[in-house]
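The following exercises concern a predicted model. Each task is followed by a solution in steps.

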Amino acid sequence: MQTQLIKRIATFLGGHIDSFLLTSTLLLVIVGLMTLYSASEQNITRVTGQLANVGVAFAVMWIAANIPPHILKNFAVPVYGLGIALLVAVDLVGEIINGAQRWLNVGVTRIQPSELMKIAVPMMLAWYFDRYEATLRIKHFVVGAAILLVPIGFIAKQPDLGTAILILASGFYVIFLAGLSWKVLLTLFAAGCGSLPVLWSFLHDYQKRRILTLIDPTEDPLGAGYHTIQSTIAVGSGGVSGKGWLNGTQTHLDFLPERTTDFIFAVYSEEFGLVGNGVLLCLFLLVIGRGLLVAAQAPSLFARLLAGSIALSFFTYAFVNMGMVSGILPVVGVPLPLISYGGTALVTLFLGFGILMSIRTNRKLVQT
Amino acid sequence: MSRRVEIRNPEVELSRFRTRLGIAGVVVVGLFGVLLTRFFYVQVMQHNYYHALAENNRISIVPVVPNRGLIVDRNGVVLAHNYAAYTLEITPSKVVDLEAAINDLTAVVEIAPKDRKRFKRLMEESKSFESLPIRTRLSEEEVAKFAANRYRFPGIEINARLFRQYPNGEHAAHSVGYIGRISDKDLVQIEARGDTANYRGTDHIGKFGLEEFYERELHGITGFERVEVDSGGRAVRSLARQPPVSGNNLILALDLRLQEVAEKIFGSYRGALVALEPKTGGVLALVSRPSFDPNLFVDGIDPQNWDALNTNPDKPLNNRALQGQYPPGSTFKPFMALAALELGKRSPSYTIADPGYFMLPGVSHRWRDWKAGGHGMVDLHKSIVISCDTYYYGLANDLGIDAIHDFVSQLGFGSKTGIDIKGEQPGVLPNQAWKLKRYKQKWFAGDTISVGIGQGYNLATPLQLAVGTGVIAANGAVYQPHLVRQIEDSRTKALMSVAPEPVRVLDFKRENVQRVKAAMVDVTRPGGTAGRAGAGAQYLFGGKTGTAQVIAMKQGEKYDEKKVAERHRDHALFVAFAPADDPRIALGILVENGGHGGSTAAPIARKLLDFYLLGRLPESMQPEEDDADAAD
């Protein structure tokens with residue numbers, strides 16, 4: 001009877017948990033905590049704070065994992081609608097912090113609606129394409145593009161180019177996986193390239209500077225180029241095996257800016273070197289690969305599209321961040337997923353993983 | 001057709017989806033490959049480059065300032081040394097409201113108006129990013145008090161620094177000199193001699209006296225420390241250290257005790273005294289009165305003291321011993337006498353009948369002897385002993401100005417002696433070429449006459465008088481006078497002697513020199529012009545009195561000391577050497593507006609010789625009269 005109870009508890013707790021995904025994300029979280037310990041000058045309260053964030057994120061993951069995909073589908077429209085409403089609210093009464101209007105004060109805390117859209121937009125798109133699954137035509141892709149571009153317009157206006165690009169990517173993945181024809185894709189790509197000069201003129205000065213800095217960081221070594229120069233120095237000086245945990249000089253002598261958040265990869269890379277970077281890439285690949293597998297075996301179009309988008313978005317975060325820190329992409333405010341300090345991003349990520357787990361564990365229950 | 005609802009085949013859709021997923025997977029792996037390639041490029045191929053950049057970021061080279069060499073007198077008494085003290089320093093560029101910050105500071109550490117003024121002066125002379133002292137020599141209590149309030153004063157901090165101190169204050173100030181903060185002008189000079197690296201971290205430099213002249217010996221070699229710094233430039237820890245090499249020590253020929261006695265017996269007179277060793281050229285004492293306290297200059301002098309020193313009519317900053325140029329007066333006569341003997345213009349027995357004046361053929365002007373009516377029959381010996389002017393008027397005329405110049409210049413007159421202090425004046429030893437160049441006029445025979453008694457165009461520094469007297473005392477050996485006897489290497493403790501060999505040895509006939517010296521000895525004995533000053537001496541010494549006019553007397557006008565303003569009174573001079581048979585000291589003394597050489601300057605020499613040769617302190621310095629006023 002006791003074993004019966006334990007079994008039931010285990011089923012309740014772990015029934016919808018994908019242990020492969022859980023293990024690989026957990027490994028990344030541990031790497032993140034270690035790096036954070038070093039980056040924060042061995043500030044243990046910073047680490048326990050992040051650990052608390054991990055706890056909250058795990059709870060969110062568990063809840064998401066226990067919501068079956070067909071139920072989740074019902075949330076798509078209301079959540080998207082709420083997200084748009086919040087974005088409008090931010091635009092009207094949002095708080096301006098560091099020159100960007102991204103936050104909404106809701107009494108107890110500040111929330112950043114753009115974070116919610118990271119999940120809401122692909123979910124909405126997946127819902128939409130699922131709904132017209134049998135009759136999917138080009139006009140549906142036009143509507144899909146509108147669903148995607150409205151929130152992105154608001155977010156880019158805040159301005160928060162990093163998040164806008166990430167949401168654009170997550171939405172694009174849904175559209176791509178839904179089967180938009182290659183002809184249209186190539187046409188869009190060509191049009192996109194053609195409109196770059198126009199987009200350029202819409203960019204803020206600091207954004208232009210960041211992109212120019214990428215081409216020649218030494219042009220403005222104390223201004224926009226400083227981050228890139230110092231982080232590239234950190235990465236390069238790490239060498240093959242790194243300087244060793246807690247021994248990064250760029251980190252500990254305060255040369256690295258934002259070293260617990262957006263630039264934490266420089267800390268990791270300086271201390272663990274090329275070998276460590278290889279290990280980290282492998283861990284990321286495990287998570288992404290698992291996500292893609294979940295998508296491939298998902299029971300419904302909604303689940304397939306959502307899972308694929310979540311997996312590829314996760315890849316995008318990691319790629320953009322590491323590319324930025326190692327000096328091949330411009331500086332945009334994108335944290336390294338599961339490694340950077342910060343609760344909101346962690347919760348969003350694990351919400352995504354929870355959804356993946358739900359799709360994984362429900363793959364036989366619902367027939368397509 | 002277009003209206004027809006197209007039902008898609010789920011199997012085909014799923015396989016298409018999986019194809020696209022596969023493509024995405026390939027792109028993911030490909031882009032991670034790009035990242036890995038980038039990591040490989042930066043971390044392996046470019047590793048050395050970035051490693052060097054990280055080290056550059058991390059490591060800073062900090063200069064370690066060497067201890068400045070000490071200056072000690074011949075007996076090891078310290079004249080200049082260093083001590084560590086706390087200073088309160090402000091970096092003006094880091095302080096927003098300087099005035100307010102200093103006002104707030106007063107509540108924590110006492111800051112006198114004098115400190116403020118000095119700080120203002122320093123600020124004008126320095127760059128705003130330099131750390132400038134507003135208070136020096138903080139007590140432990142003040143340091144603690146400031147440390148507790150430190151957070152309130154960004155840009156203000158306490159530093160432990162080495163300070164220069166001159167423990168003897170005014171004594172020998174003109175010789176020792178002082179250091180001061182490095183000015184822009186100093187920086188140009190440092191750069192010109194390629195010493196910029198060695199002065200990194202140094203903020204003081206020798207400005208005057210020996211401190212200035214021996215700057216390169218005293219400074220030492222700056223060490224370096226490799227320290228790890230954070231991005232704010234703060235040192236985190238030391239990695240390696242190349243210790244500095246302290247400056248070399250200067251061991252002077254100067255005897256501080258003798259110097260103090262000399263200054264004391266000078267009393268309130270202005271003037272100068274140089275005492276040197278005839279057989280080495282070492283300067284035993286170098287007095288210039290009045291003097292000043294060199295300690296005032298070390299941390300930057302405050303405007304009040306600076307004005308006081310500059311506007312003082314007595315000009316205490318002038319080193320009269322080598323910058324003051326005075327007519328040598330009768331002290332010039334022994335050199336003339338030696339010239340006469342050496343050049344064969346006079347024999348010892350040659351005698352004149354002195355009427356009390358001298359006339360040139362065809363000129364109505366009468367060159368008067370100081371004694372109306374003359375000295376009667378005068379030979380060379382007597383001409384020195386009683387200081388007969390007429391004898392030398394005639395002698396000068398017979399020698400001619402160029403011969404006088406050529407002979408006397410060998411003894412050091414008319415050119416710099418080369419003493420180891422800057423600012424020396426060459427004096428004037430005229431000849432025809434000199435007058436042509438200086439006044440664009442030809443030389444007249446009449447010009448020569450007064451040169452014979454050390455007047456006219458003749459000008460000499462007290463140092464030159466001492467050097468010339470020393471040459472006679474040493475029978476013709478000419479030494480370059482030098483305050484520093486030895487330089488002690490700070491590392492090896494090896495001693496290097498300064499100018500130990502004579503510059504030249506003049507080939508005088510021994511009997512000629514002996515004759516002049518014998519006459520000079522009789523000057524200090526009964527019947528000589530310094531007979532009273534020499535009375536009762538337990539040793540024999542040679543000397544020559546001199547009196548130099550400050551204002552020209554009209555023909556026939558009588559000089560009356562009492563009627564003339566103090567500053568227009570004659571200068572009193574005296575040269576001496578002692579003991580007579582084997583001279584160990586030669587003196588040149590000038591007392592400004594002191595009147596007669598025999599009555600004012602010669603007694604100073606006597607008292608000094610009594611101390612130097614017998615160890616007898618002058619009355620004013622004897623222990624039982626400690627409280628008595630110093631004035632003579």
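**Exercise 1.** Determine how many residues of chain A are in contact with chain B, and which helices of chain A supply the touching side.

*Solution.* Step 1: the contact joins 39 residues of chain A to 38 residues of chain B. Step 2: at least two residues of that side of chain A come from each of α7 (161–178), α11 (224–238), α12 (249–252), α13 (264–296) and α14 (301–325) of chain A. Step 3: α13(A) provides the largest share, 10 residues. Step 4: sorted by class, the side of chain A that touches chain B comprises 21 nonpolar, 16 polar and 2 charged residues.

**Exercise 2.** Classify the crossing of helices α14 and α17 of chain B, and identify the residues that make the contact.

*Solution.* Step 1: a pair of packed helices is described by the angle and the distance between the axes. Step 2: the axes of α14 (residues 333–342) and α17 (residues 401–409) of chain B come within 10 Å and cross at roughly 105 degrees. Step 3: because angles of 65 to 115 degrees count as roughly perpendicular, α14(B) is roughly perpendicular to α17(B). Step 4: α14(B) contributes Phe335(B), Ala339(B) and Glu342(B), while α17(B) contributes Ile404(B), Phe407(B) and Val408(B). Step 5: by class, this contact has 5 nonpolar, no polar and 1 charged residues.

**Exercise 3.** Describe the fold of chain A by its helices and strands, its buried fraction and the sequence separation of its contacts.

*Solution.* Step 1: chain A contains 15 helices and 3 strands. Step 2: of the 368 residues in chain A, 49% are buried. Step 3: among contacts in chain A between residues at least 6 apart in sequence, 70% link residues at least 24 apart.

Terms used
Residues numbered from 1 in each chain as written. Chains lettered and ligands numbered in written order. Predicted model: local features only at pLDDT ≥ 70, side-chain atom pairs only at ≥ 80, totals over all residues. Contact = placed C-beta atoms within 7 Å. Helix = DSSP H or I, 4+ residues; strand = E, 2+ residues; numbered from the N terminus. Nonpolar A, V, L, I, M, F, W, Y, C, P; charged D, E, K, R; others polar. Axes fitted to C-alpha atoms, helices over the stretch in contact; angles between N-to-C directions. Parallel < 35°, antiparallel > 145°, perpendicular 65-115°, else oblique. Buried ≥ 20, exposed ≤ 12 C-beta atoms within 10 Å, placed from the backbone.
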